[in-house]
Amino acid sequence: MFFDLLKIAVSSIFKNKMRSFLTMLGIIIGIMVIILMQAAIEGFRVEMQKEINKLGANSFLVTKYPAMGNSDWREYWKRPNITYDYADIIENSCTNVENAVPLQERWGQEIKSGNKKATIKIHGATENWIKLFAYDIESGRYFNFTELNKRVDNIIIGKSVKNELFEFTDPIGQYVFVNGIRFKVVGLFAEKGKFFGQNKDDIVVISTFHFQRMFGKNQNLPVQVSAYDQESIPKAIDETIVTLRRIRNLKSEDENDFEIMTKDEIATKMNGVIAIIYLAALSIGGMSLLVGSIGVMNIMLVSITERTREIGLRRSVGANRNNIMVQFLIEAVIITLLGGIIGIGTGVGIAKLVSTFSKFSTVAPLWTIMTAFSVSVFIGLVAGIFPAIKAGKLNPIDALRHE
Amino acid sequence: MEENLIKIENIRKTYTPGKEKIHALDGISLDIKKGEYIAIMGASGSGKSTLMNIIGCLDVATSGKYYLNKHNVESLNDNELATIRNKEIGFVFQTFNLLARSTALHNVELPLIYSKVSSSQRKERSIAALKKVGLGDRMMHKPNELSGGQKQRVAVARALINDPSIILADEPTGNLDSKTSIDIMNLFNELHEEGNTIIVVTHEPDIAEFAKRVIHLKDGKIEQDYLNGLVTK
Ligand SMILES: Nc1ncnc2c1ncn2[C@@H]1O[C@H](COP(=O)(O)OP(=O)(O)O)[C@@H](O)[C@H]1O
Ligand SMILES: [Mg+2]
């Protein structure tokens with residue numbers, strides 16, 4: 001019996017393809033939006049995780065401000081800066097620390113050559129910088145060890161800097177100006193591509209000497225500290241804390257006036273932020289689904305009015321209230337389920353396309369798809385129940401006489 | 001010994017569409033035996049359809065008693081009424097009332113869906129019913145591919161499919177030309193000869209000629225109730 005009602009519902013959906021499709025549209029879009037946003041967020045999470053993993057297996061950061069902090073910024077503002085010199089002090093006084101690297105970087109700087117300009121991110125070079133940030137040299141060379149702290153006016157540029165300033169010429173040996181200082185291009189990094197819309201190739205690397213001359217010696221920066229191995233991380237952290245407290249002359253009752261951030265902590269904080277993005281995304285998707293389900297309810301009501309005589313006829317040949325109700329409820333559920341399936345299909349398809357044709361990777365995990373499925377069915381039930389009850393309540397003779 | 005299939009006692013049906021009450025049926029009492037062939041006649045608005053709908057359990061009377069096959073119809077709930085419509089009654093309408101986008105075959109099998117007959121059985125029986133009404137070669141046609149007479153044959157096949165106790169036809173020839181009307185009435189004659197109980201509503205005397213018993217309604221009351229051939233017109 002149920003199977004027969006199912007067949008009736010399916011055939012009336014297919015006998016009215018255009019209307020059924022328009023009814024589905026709201027659900028298709030809602031589900032698609034949710035799948036896409038979800039895919040984007042998951043992709044973002046995966047990329048972020050990769051980025052965090054670059055920190056190195058045994059590394060942690062020493063910073064002035066907490067990661068993605070939510071408390072009062074002014075309190076952290078008053079803390080002393082973590083400066084370039086801290087790196088050497090930590091590296092020299094902590095036996096479990098293999099090395100400590102200051103991460104010197106500045107956004108939104110300008111580079112010029114002739115009448116051409118480009119906006120860049122400047123890095124101050126350290127010995128391990130190229131390894132740490134995993135760049136490859138395409139032509140020319142990286143700094144030698146001896147150049148790092150000296151007044152050497154050499155610069156290494158990223159691929160998009162080259163494309164903007166030296167589109168058709170070899171950049172090696174050319175001169176550029178950054179903040180009024182003339183540099184000679186000695187190296188070109190191989191292209192890295194984009195990370196979530198953020199260009200990784202609009203960078204230049206200059207010596208620490210120049211970096212500090214431009215931005216000051218005591219500027220605040222994060223220091224990346226690496227322990228020798230996994231087991232020595234806690235010891236390295238303890239030693240680092242002791243060293244920093246000593247530098248800062250903290251009394252035993254004082255709290256730390258700096259932050260130690262391990263990968264796990266950063267990941268935890270990141271997941272907290274992602275959860276908030278999720279909530280926002282879900283409310284947007286939920287809104288479109290709500291609108292979609294009101295659409296389904298509306299069209300079901302219209303359809304029932306249009307098909308009142310059909311209902312009357314079915315009642316006259318022996319359908320009872322439940323038969324009619326179930327028929328229309330199934331119809332609503334199939335419409336939203338089909339809408340959901342199409343929405344999932346297009347969502348996953350677009351996500352796949354996006355990751356194929358860009359470095360912006362997207363992931364649509366199975367659980368989202370399952371959730372989208374059940375949500376579609378649920379919406380069908382909710383949007384269909386009221387029209388279905390209305391259809392079931394029609395009395396046979398009034399329905400038959402309906403004009 | 002013929003048994004009473006239908007027993008109606010003092011049935012009234014009152015509508016109150018505005019301030020005035022309309023007595024569509026104003027005290028009808030009627031006995032119908034198994035195997036009878038009845039024509040209900042009367043002017044437009046005399047209550048013919050109202051009476052048919054009550055007999056067909058599509059509508060309920062405002063007051064009075066109605067027994068169908070010994071069931072007291074007033075005491076039945078919606079499900080039981082649906083079962084009666086399904087098993088005991090075959091309705092044929094003036095406007096055919098076929099599902100426009102479904103084949104003749106599907107239209108005919110419709111009552112069997114609601115009596116939970118398996119789909120292979122349904123198909124078999126529907127094919128047989130369509131053959132019986134002379135539409136063996138039109139089974140996969142949709143209503144818009146059929147003539148008026150053919151549509152009404154599909155409707156008759158649908159009415160017959162569940163082997164009902166009584167076939168009710170409310171102006172079945174109202175939308176047909178006179179030749180096709182006679183074809184359809186001949187079909188009812190055949191069905192009657194096979195032992196079916198049939199009630200046909202009509203306002204055309206030619207059509208009423210086919211029936212064995214004629215009931216005249218006027219203003220919701222029975223004006224005349226006679227056997228054809230026994231009363232001279
Ligand atoms: N649903 C209704 N509401 C109000 N009046 C109705 C309704 N159905 C029928 N009537 C009235 O009842 C009377 C009998 O109608 P009906 O049985 O359809 O007559 P017939 O079929 O003999 O032409 C008419 O006066 C008609 O207007
Ligand atoms: Mg009538």
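Predicted model: local features only at pLDDT ≥ 70, side-chain atom pairs only at ≥ 80, totals over all residues.
Local features are given only where pLDDT is at least 70, side-chain atom pairs count only at pLDDT 80 or more, and totals for chains, interfaces and linings use all residues. Residues are numbered from 1 along each chain as its sequence is written, chains are lettered from A and ligands numbered from 1 in the order in which they are written, and side-chain values use heavy atoms, without hydrogens and water.

Ligand 1 is surrounded by residues from chains A and B, so the site is shared between chains. Chain A is represented by A:R401, and the residues of chain B include B:Y15, B:P17, B:A24 and B:K48; a residue is counted here if one of its heavy atoms lies within 4 Å of the ligand.

Several N or O pairs link the ligand to this surround, taken as polar contacts when within 3.5 Å. The side chain of A:R401 places an N or O atom 3.2 Å from a nitrogen atom of ligand 1. On chain B, a polar backbone atom of B:G45 is 2.7 Å from an oxygen atom of the ligand, and an N or O atom in the side chain of B:T50 is 2.5 Å from an oxygen atom of the ligand.

Elsewhere in chain B, the axes of helix α5 (residues 148-160) and helix α6 (residues 178-193) come within 10 Å and cross at roughly 20 degrees. That makes α5(B) roughly parallel to α6(B), a term for angles under 35 degrees. Their crossing is right-handed, meaning that the near helix is turned clockwise from the far one by less than a right angle.

Notes. Axes fitted to C-alpha atoms, helices over the stretch in contact; angles between N-to-C directions. Helix = DSSP H or I, 4+ residues; strand = E, 2+ residues; numbered from the N terminus. Parallel < 35°, antiparallel > 145°, perpendicular 65-115°, else oblique. Polar contact = N/O pair within 3.5 Å; in protein donor to acceptor, adjacent residues only side chain to side chain.
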